There are 2 protein chains.
Amino acid sequence: MLEQDFENIPDLRFNIDVLIEEPSHIAARLRLDCSPKGSFLGLPVNGRRVSFSEHLFYRFRGRKIVQIWSVTDKAAIEAQLAQ
Amino acid sequence: MLEQDFENIPDLRFNIDVLIEEPSHIAARLRLDCSPKGSFLGLPVNGRRVSFSEHLFYRFRGRKIVQIWSVTDKAAIEAQLAQ
């Protein structure tokens, strides 16, 4: 998600809940708390403030990130929109 | 997900794509390929075979897992059901 345009989420902020490191990889559990402007992950968030996690894996070659795998907790956002 | 009842997914199998270890934590990116019997993550999978990732963080105290955080790629399953 972080590779997407920050313009869509003007108030994007996150905390790092867990960070695990090896020489060639980093894994992070982020906690996001933000108000995406329009549709987000195909959901009609439309500026509503939502809180959710994102689990990321980064693979490094030297000091460069060469691969990112991300899974965002869409179900958590759906649950908040349903309230 | 792995803590749920395997009965619902008789053919549950997964590959470990990435595994990152520290003394107190493990992070894993799993690739699952299975046919959940009924509803799965609120989606009408109903025995269809789907492939998706799950990103897990485990926290250990000694040799015991004391916490698990899991995010499953629900969007990937939705995309396959829409095909």
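Author: Gladly, and please keep in mind that this is a predicted model. Over all chains, the structure holds 6 salt bridges, and the pair A:Lys74 and B:Glu78 is one of them, with the closest N and O atoms 2.5 Å apart. This pair crosses between chains, running from A:Lys74 in helix α1 of chain A to B:Glu78 in helix α1 of chain B.

Reader: What makes A:Lys74 buried or exposed, and how does B:Glu78 compare with the cut-offs?

Author: Buried means under 20% relative accessible area, and partly exposed lies between that value and 50%. A:Lys74, at 9% relative accessibility, therefore counts as buried, whereas B:Glu78, with a relative accessible area of 22%, is partly exposed. Leaving aside residues up to four places away in sequence, A:Lys74 touches A:Leu41, A:Leu43, B:Ala75 and B:Glu78.

Reader: How do you know that the salt bridge of B:Lys74 with A:Glu78 joins two chains?

Author: The closest N and O atoms of B:Lys74 and A:Glu78 are 2.5 Å apart. B:Lys74 lies in helix α1 of chain B and A:Glu78 in helix α1 of chain A, so the pair joins two chains. Against the burial cut-offs, B:Lys74 counts as buried at 10% relative accessibility, while A:Glu78, at 21%, is partly exposed. Across the interface of chain A and chain B the rule finds 2 salt bridges.

Reader: How do you know that the buried residues of α1(B) are on the same side of the helix?

Author: In helix α1 of chain B, which spans residues 74–81, the buried residues are B:Lys74, B:Ile77 and B:Gln80. They cover an arc of only 120° around the axis, which puts them on the same side of α1(B). An α-helix has 3.6 residues a turn, so residues three or four places apart point the same way. What covers the buried residues of α1(B) includes α1 of chain A, together with β3, β4, β5 and β6 of chain B.

Reader: What makes up the contact between the two chains, and how is the side of chain A divided by class?

Author: The contact takes 21 residues from chain A and 21 residues from chain B. The two chains bury about 1,800 Å² between them, 71% of it on carbon and sulfur atoms. In chain A, A:Ile20, A:Phe57 and A:Val71 lose the most area to chain B, together 35% of what that side buries. Between the chains, 5 residue pairs are in polar contact. On the side of chain A that touches chain B, β1, β2, β5, β6 and α1 each supply at least two residues, and β2(A) gives the most, with 5 residues. By class, that side has 11 nonpolar, 4 polar and 6 charged residues.

Reader: Why is B:Asn46 called exposed, while A:Leu41 is called partly exposed?

Author: Exposed means over 50% relative accessible area, so B:Asn46, at 51%, is exposed, whereas A:Leu41, at 32%, counts as partly exposed. B:Asn46 lies in the loop between β4 and β5 of chain B, and A:Leu41 is found in the loop between β3 and β4 of chain A. Neither is a glycine, and phi is positive in A:Leu41, at about 55°, and in B:Asn46, near 50°.

Technical notes
Residues numbered from 1 in each chain as written. Chains lettered and ligands numbered in written order. Predicted model: local features only at pLDDT ≥ 70, side-chain atom pairs only at ≥ 80, totals over all residues. Heavy atoms only, no water. Buried < 20%, exposed > 50% of the residue type's maximum accessible area, 1.4 Å probe, protein only. Helix = DSSP H or I, 4+ residues; strand = E, 2+ residues; numbered from the N terminus. Arc of directions from axis to C-beta. Contact = heavy atoms within 4.5 Å. Buried area = accessible area lost by both parts, 1.4 Å probe. Salt bridge = Lys/Arg side-chain N within 4 Å of Asp/Glu carboxyl O. Polar contact = N/O pair within 3.5 Å; in protein donor to acceptor, adjacent residues only side chain to side chain. Nonpolar A, V, L, I, M, F, W, Y, C, P; charged D, E, K, R; others polar.
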